[in-house]
Amino acid sequence: MSIADIKIGKRARVKEFVGGWGLMRKVMALGIDPGDEVRVVVGMEGRGPFIIENITKGTKIAMGRGIARKIIVEEIE
Amino acid sequence: MREEKTVKIALAGQPNCGKSTIFNAVAGYKAIVSNFPGTTVEYTKTKIKFGDRTIELIDLPGTYSLSTMDEAELSAVKFLLEGDFDVVINVIDASVMSRSLELTLELIEYDIPMVICLNMIDEAEKKGIVIDEKKLEEKFGIPVVKAIAIKGKGIRELFHSAIESAETKRKPYSFKYDEMVEREIEKCMKKLSIKDEKGRLFAIKILEGDGFFKRLVKGAEEIDDGKLAEIIVKERHALAMKTFEEVARIFKGKRSTIENRIDAFLLTGWRGYLFSISFFFLVLFLIFSFGGWIEEIALAPLDKILDHLSKYEGSFYRLIEGLVQGIAGGIAVVLPYLLPLLFILSLTEDAGILPRIAFAFDSIMHRIGLHGKSVIPFVIGYGCNVPAIMSTKILETESERKKVALLTGLIPCSARTTVILAMIGFYGGFYAVVIYYLFNLFVIGISGRIIAALTAPAPGLIIEIPPYRPPYVNMVFKKVWFRTKDFIFRAWPILIVGSIFFSLLKVFNIEDDINSFLAPFTKGILGLPPVLGITLIFGILRKELSMIMLMAAIGTTDISSYMSMGEIIRFTVFITFYIPCLATIIYIWKNFGGRFTVLAVIFNTVIATLLTFLSRFLF
């Protein structure tokens, strides 16, 4: 599953990126790394961008749906 | 007596790290000479007095890395390579230090005198991050200064430290990659025979696959970089994380879940639009109510002078009239609209509101090939196009800035609103005005779609959402003054000269010649009475001037007695869409250069002509 699939408020752990190298660098530069714990703060099912909180780093990032789909995560129980 | 030398200090850091706060904290204060962002340099410079020293302070654009992937990064890299500075202050937002250190490591590779500023140390502590700055100093071999820039804490120590490092040329320790990478770096340096002090940097960047560096060195294209790029970046990333773990301890701080709840409430779905539109409405309301009031007070004495001058004959008085008109033009823009706007912008830009609005508007802006952030210049454009052009700086790429600048020219600013109200409103009624504004939005939408089809799409949105931060009022005044100076010293003089030039037309009495010269256009294409030719030219100076000139040209204030409703509509359409006013043109030129300005003028004029021509068949 990707960031676009997490239910609002549920926590998840970043596993990997599936996008191109350029995008991956950008995501890394904004401080999202494999192993980080994240949660979706704002977002709607099916359309529109997301705001995610990186709980590990204490940052918040807004991203379009296309980018969110390329960040693979696993849900934390 | 010691010889006084200017110390050149550059501020480098990631977006939202408080770099500009440091710049403004010292720049607004005792500034002696100032340069402004122009077309060749994309960074802000200022000269300040610090004790008995003169400091030239350069504010580089905020970048997450130095990979030359976007224009902000490229301009920072070019600056660092040109080397016209004595020391770089690397500003770090201590509350997000783990990801900030990557840029620090990239700066270290430039092998330049450096000082690290750990800014927002209070916010870091709130988050439970405690940083041992001595350990960081030992690790990198350069001074580390803790600061809370917004409260002015640590700024003095920071600049003392920077000046000292500039004098002693204290550079950071170079760090090593793993053996395999180091071997490749050495091989690359040998192969391309780059052995000077920047040799290592060039080798690393070439192996990273950086297009800009590759173009600088002959033969760099042949070096195989396919595999190493990822390894180098990931290693640097890992080293940054490791360094963070070594110098910082994290206690469980109090995390604000309230902020997340506020964001979820304000920004989900349609509520995002509601939140943004309310904010815009509030801003516009403040600007218009304050602006209208001030404009009346400020322009009254000048209008009296103009009225008085018009009674006298002779070329001298016409020139004086032009001068006063130019001064009035500046006052009509700067005092009523620019000042309150800059004030509100300065107050809110660090408050975390604008990135959230950008998020809310992202979906809709993508339809015209832009992303959320560009909604801000558009809204500002309704007040005045000049600050709207200024605010395109918040966009990351040059191509986005240009697209937005083009479309902003189509937005009726307050001056054009006056014309719309006096023409369409007065002779057509309230609903005609509403329809007219919807028509205007429609034209902007269509033009946006066309531009989007012709250019590369905006990249997907990915921006940081900073925490809500309360504004610090004393900083706001400094910022407003710093930006107002830009208008007063750069744009206003040109406006005055332009105004005097137009009054020369009157002096030599070539109005009639111009009217008959323009007649094929005014009469033939636009379907307007030829006497209006000159008013369209005056409209370039100040859009509302064209209406005053119109009344003068037809010799009555009752426009409908001279012009048909169709002519009134066509006149308004043309005035709304054609060439932006002189002040706006000056700003487009200063920001984007001459060629783009010509393009913008043509773009506006073609749209205006086309729409006016088409409306002949409707009315």
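In which loop of chain B is the place of Met120(B)?

Modeller: Met120(B) is in the loop between strand 6 (114–119) and helix 4 (121–126) of chain B. Helices (H or I, at least four residues) and strands (E, at least two) are DSSP runs, numbered from the N terminus. This is a predicted model, in which local features need pLDDT of at least 70 and side-chain atom pairs count only at pLDDT 80 or more, while totals for chains, interfaces and linings use all residues. Residues are numbered from 1 along each chain as its sequence is written, and chains are lettered from A and ligands numbered from 1 in the order in which they are written.

Met120(B) has a phi near 55°, a positive value in a residue other than glycine. Most residues other than glycine have a negative phi. Met120(B) is buried, because 27 other C-beta atoms lie within 10 Å. Here a residue is buried if 20 or more other C-beta atoms lie within 10 Å of its own, exposed if 12 or fewer, and partly exposed in between, with C-beta atoms placed from the backbone.

Pro493(B), in helix 21 (residues 473–507) of chain B, is partly exposed, with 13 other C-beta atoms within 10 Å. The C-alpha atom of Pro493(B) is 44 Å from that of Arg170(B), and 323 residues separate the two along the chain.

A glycine with positive phi occurs in chain B as well. Gly51(B) has a phi near 60° in the hairpin of strand 3 and strand 4 of chain B, where two residues stand between the strands. Strand 3 (residues 44–50) and strand 4 (residues 53–59) of chain B are paired antiparallel through seven bridges (two strands pair if DSSP finds at least two bridges between them). Within that pairing, Thr46(B) has Leu57(B) of strand 4 of chain B as its bridge partner.

Next, a pair of helices in chain B. Helix 5 (residues 133–140) and helix 10 (residues 228–247) of chain B pack at about 140°, and their axes are 9 Å apart. Axes are lines fitted to C-alpha atoms, for helices over the stretch in contact, and angles run from 0 to 180 degrees between N-to-C directions. Helix 5 and helix 10 of chain B are therefore oblique to each other (under 35 degrees is roughly parallel, over 145 roughly antiparallel, 65 to 115 roughly perpendicular, and the rest oblique). Lys135(B), Leu136(B) and Lys139(B) of helix 5 of chain B meet Thr243(B), Glu246(B) and Val247(B) of helix 10 of chain B; two residues are in contact if their C-beta atoms, placed from the backbone, lie within 7 Å. Of these contact residues, two are nonpolar, one is polar and three are charged. Ala, Val, Leu, Ile, Met, Phe, Trp, Tyr, Cys and Pro count as nonpolar, Asp, Glu, Lys and Arg as charged, and the others, Gly among them, as polar.

Chain A remains. It has two helices and five strands, in the order β-α-β-β-β-α-β from the N terminus. Its C-alpha atoms fill a box of roughly 30 × 25 × 20 Å along the principal axes, and 49% of its 77 residues count as buried.

One open sheet takes in both chains: its six strands are ordered 5(A)-1(A)-2(A)-3(A)-4(A)-10(B), with antiparallel pairing. Strand 5 (71–75) of chain A and strand 10 (462–464) of chain B are the edge strands, each pairing on one side only. Neighbouring strands of the sheet are turned by 40° against each other on average, direction ignored.

The contact takes 25 residues from chain A and 29 residues from chain B. Helix 1 of chain A gives the most to the chain A side, with six residues. That side of chain A divides into 13 nonpolar, seven polar and five charged residues. Helix 11 (residues 257–267) of chain B lies across strand 2 (37–42) and strand 3 of chain A, at about 40° to strand 2 of chain A.
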